[in-house]
Amino acid sequence: MKPLMILGSVVGFLIGAGFSLEGNCPWSIVLWRACVAALLAGILARWWGRVWVDGLHSALEERRRARSAPGPQAKTPVKP
């Protein structure tokens with residue numbers, strides 16, 4: 001999880017700095033905006049990573065349950 005958060009922070013910092021430099025902002029503003037973008041991107045990457053890992057865990061658990069369940073049973077048709 002940490003590498004994903006660090007990657008998100010680096011990407012956020014680069015995006016924040018790039019947009020600030022494109023807007024011809026002074027260096028103090030560029031640094032400030034890049035740091036805020038890094039913080040937000042790191043938090044977002046951490047959240048997304050947790051959702052992704054939880055989804056993988058639930059898919060694996062479902063696959064394990066399907067493997068350990070008995071074979072398909074013949075269902076009797078329900079007559080209306």
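A helix axis here is a line fitted to C-alpha atoms over the stretch in contact, and angles between axes run from 0 to 180 degrees between N-to-C directions. With that in hand, welcome to this predicted model, in which the axes of helices H1 and H2 come within 6 Å and cross at roughly 145°.

**How H1 and H2 meet**
- The crossing of H1 and H2 is right-handed.
- Sorted by class, the residues in the contact of H1 with H2 are 16 nonpolar, seven polar and two charged.
- On the H2 side, the buried residues pack against helix H1, which covers residues 2-22.

**Helix H2 itself**
- H2 runs over residues 27-68, 42 residues in total.
- From its first C-alpha to its last, H2 reaches 60 Å, close to the 62 Å expected at 1.5 Å a residue.
- The buried positions in H2 are Val30, Ala34, Ala38, Gly42, Ala45 and Gly49.
- An α-helix has 3.6 residues a turn, so residues three or four places apart point the same way.

**The tryptophan pair**
- The structure holds one aromatic pair, and its partners are tryptophan 48 and tryptophan 52.
- Their rings are stacked, at 5.8 Å centre to centre with 5° between the planes.
- Both tryptophan 48 and tryptophan 52 belong to helix H2, where they sit four residues apart, about one turn of the helix.
- Tryptophan 48 counts as partly exposed because its relative accessibility is 47%, between the cut-offs of 20% for buried and 50% for exposed.
- Tryptophan 52 has a relative accessible area of 48%, so this residue is partly exposed too.

Conventions
Residues numbered from 1 in each chain as written. Predicted model: local features only at pLDDT ≥ 70, side-chain atom pairs only at ≥ 80, totals over all residues. Heavy atoms only, no water. Helix = DSSP H or I, 4+ residues; strand = E, 2+ residues; numbered from the N terminus. Expected span 1.5 Å × (residues − 1). Buried < 20%, exposed > 50% of the residue type's maximum accessible area, 1.4 Å probe, protein only. Contact = heavy atoms within 4.5 Å. Left-handed = near helix turned anticlockwise from the far one by under 90°. Nonpolar A, V, L, I, M, F, W, Y, C, P; charged D, E, K, R; others polar. Phe/Tyr/Trp six-rings, centres within 6.5 Å; stacked < 30°, edge-to-face > 60°.
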